[in-house]
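Where does a protein model leave empty space, and how is a single residue placed within it? The explanation below takes up these two topics in turn.

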Amino acid sequence: MNFLDGALYPENQEKLVITAAPYGPEWLPSDFPEDIAVSIEEQVQKAVDCYNAGATVLHIHAREADGKGSKRLSKFNELLAGLRKAVPDMILQVGGSISFAPENEGDAAKWLSDDTRHMLAELTPTPDQVTVTINTTQMNIFDQCVPEDFGGTSLAEPAMFQAFREMIVPAGPTWAEEHVKRLSAKGIQSEFQFYNINSFETVERMIRRGIYKGPLVMNWVAIGGGMDAPNIYNLANFLRAVPDGAVVTVESSFLNTLPVNMIGIALGLHVRCGIEDNIWSQDRKRKVSTVEQIEQLVRISCEFGREIATGKEARKILKIGTFYNTVEETLAKNGFAPNRKSRRDFLQAAE
């Protein structure tokens, strides 16, 4: 991205798009009972509250009646239907880390192991976005935090701690290419989760080979543990590679969340907050709800002089529903240099 003279002036920046992540699948309801929604009705109301506070993108995970994270397609469909009715202008973004579990023997027979995450393309109603991880990587959520960040919660239990510390995000090239093709065919935007410069470069090559033909909309995920560490050097290096036509949301974890978001607001990027990323105030004296976190970012952004996008404005900024016809158009719309002219296709031909 090019930060020309005046790039930090709010009149030269897009209005701020805030993504809310209020469902916090890593926590149990007992960790924050005042804010963790369990029933479908509570989860829908949480979305309404986030939208009213200023968030225009909703990062979605679902829970079962017992409070555990759901892996049922029907549960997500039920939640999406309620959300479409309650917050029609909100951008619905399903967390792509989920793998659905078959609900009966018939489903088990037809769902191959590699297809379970592809079922995100079959959700009804159709979400606006699904987050797409690129390149298999470690996701040790504890790498950039201290014991006070999870002490006294279910994450401090040895089994839970070990499971989240050893978490791997599987996203090899065959799966990723097939996934974006299926999402695009259903009119769902791939919202890429970039963990470092190499995951970004993988998608650039996918665009240059004609595998993905859509807007480059992404999160820079700075949580350490196999992903970028939340510091200005990593962010600056990442942004130098990103073309001007791309849309960048910054994301971090625990007490790094607010500082990274403040940097993002100042630079004209977009932000994400919520209990999926952090549950603590900066002094760790109390837990802070997703709505409180949104309200804080709205206040800070307004003090920067940067207005908050409405739902309709956020859809335009994120280019929801937009796809392109050719490699050349995709490169140009996103601000990339064109492919070189030669007898060879770009590195290798797309299938």
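The model is a predicted one.

Rolling a probe the size of a water molecule over the atoms shows where empty space is left. The largest pocket has a volume of about 1100 Å³. Its lining comprises 44 residues, and those nearest the centre of the pocket are P25, H61, S97, F164 and M167. Two or more lining residues come from each of the elements β4 (129-133), α4 (158-165) and β6 (168-169). Sorted by class, the lining of this pocket contains 20 nonpolar, 15 polar and 9 charged residues.

The structure also holds 1 cavity of 30 Å³ or more. The volume of the largest cavity is about 30 Å³. Among the residues that line the largest cavity are T19, Q93, Q129, E191 and L318. The strands β8 (217-221) and β9 (247-251) each contribute at least two residues to the lining of the largest cavity. By class, that lining consists of 3 nonpolar, 5 polar and 1 charged residues.

The last topic is S289, a residue of the loop between β10 (270-273) and α9 (290-304). Is S289 buried or exposed? With a relative accessible area of 12%, S289 falls under the 20% cut-off and therefore counts as buried. Leaving aside residues up to four places away in sequence, S289 touches F32, D35 and I275.

How values were computed:
Residues numbered from 1 in each chain as written. Predicted model: local features only at pLDDT ≥ 70, side-chain atom pairs only at ≥ 80, totals over all residues. Heavy atoms only, no water. Helix = DSSP H or I, 4+ residues; strand = E, 2+ residues; numbered from the N terminus. Buried < 20%, exposed > 50% of the residue type's maximum accessible area, 1.4 Å probe, protein only. Contact = heavy atoms within 4.5 Å. 1 Å grid on protein atoms, 1.4 Å probe; cavity = no way out; pocket = protein on both sides within 12 Å on 5 of 7 lines; lining within 4 Å. Points joined across faces, edges and corners; volume = space filled by probe spheres on them. Nonpolar A, V, L, I, M, F, W, Y, C, P; charged D, E, K, R; others polar.
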